[in-house]
Amino acid sequence: MGTSHARAYHQLDGFEIAGLVSRQPESRERLSKELGGYPTFSSLGEALASGPVDAVSVNTYPETHEVLVEEALSKGCHVFVEKPLALTVEASQRLVDLARNRGLKMVVGYILRVHPAWEKFVELAQGLGKPLVMRMNLNQQSSGASWEGHKKLMLTTSPIVDCGVHYVDVMCQMTRARPVRVHAVGARLSPEVEMYNYG
């Protein structure tokens, strides 16, 4: 996700990338070269110490979000963070409070809220009437390098949190209603992961 975000920021008027941060030197150097030579850093702290930064975009594995968002907010930066904000409700609320107390903006990425195809889908669905029950099956399928990435993601985040929350949110937009109850059942279909990969 970090690569996708950096490419997008690079193209947008009004954005100036101050630097690219990644644990892997190869990935950050490759992306820097692709985008014309932005400074690269091995940690957020190193990047924030290098000069003025207005905002930080956190696009890492979920278990790192809380500490990176807190570090950015503590240094006076606005934050965009991919979901989830943190791994617990309590940690998320603490970050929300920190942002509010410091007068900083914090946005959690929810792409289907702003993707033109999904916006149109919701618009059309709202004209169909309100369903009483909605159901989805979610099977996160991948292979090769994608499977290796998904296995790392599933160390802390289930497919229902990774993808399913988007679809529940879309269902709420379609019906213009809040859910009364949401239930999820997961099954582990691969011996390579402890996390279930079917929902």
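**Reading rings and cores**

Guide: Start with Y167: the residue is partly exposed, at 29% relative accessible area. Buried means under 20%, exposed over 50%, and partly exposed lies in between (1.4 Å probe, protein chains only). This is a predicted model: local features need pLDDT of at least 70, side-chain atom pairs pLDDT 80 or more, while totals for chains, interfaces and linings use all residues. Residues are numbered from 1 along each chain as its sequence is written, and side-chain values use heavy atoms, without hydrogens or water.

Visitor: How many aromatic pairs are there?

Guide: Phe, Tyr and Trp rings (six-membered ring for Trp) pair with centres within 6.5 Å; planes under 30 degrees apart are stacked, over 60 edge-to-face, the rest tilted. The count here is three. W118 and F121 pair edge-to-face, at 5.5 Å between centres and 75° between planes.

Visitor: Where do W118 and F121 sit?

Guide: In helix α6 (residues 116–126), three residues apart, or about one helical turn. Helices (H or I, at least four residues) and strands (E, at least two) are DSSP runs numbered from the N terminus. W118 is partly exposed at 27%. W118 and Y167 have ring centres 6.1 Å apart and planes at 35°, so their pair is tilted. That pair spans 49 residues, from α6 to helix α8 (residues 159–175). Ring pairs join W118, F121 and Y167 into a cluster.

Visitor: Which residues have the most contacts inside the largest nonpolar core?

Guide: A core joins buried Ala, Val, Leu, Ile, Met, Phe, Trp, Tyr and Cys through side-chain atoms within 4.5 Å. The largest has 18 residues, with V56, V58, V69, L73 and V79 making the most contacts inside it. A separate second core of eight residues includes A6, L35, Y38 and F80.
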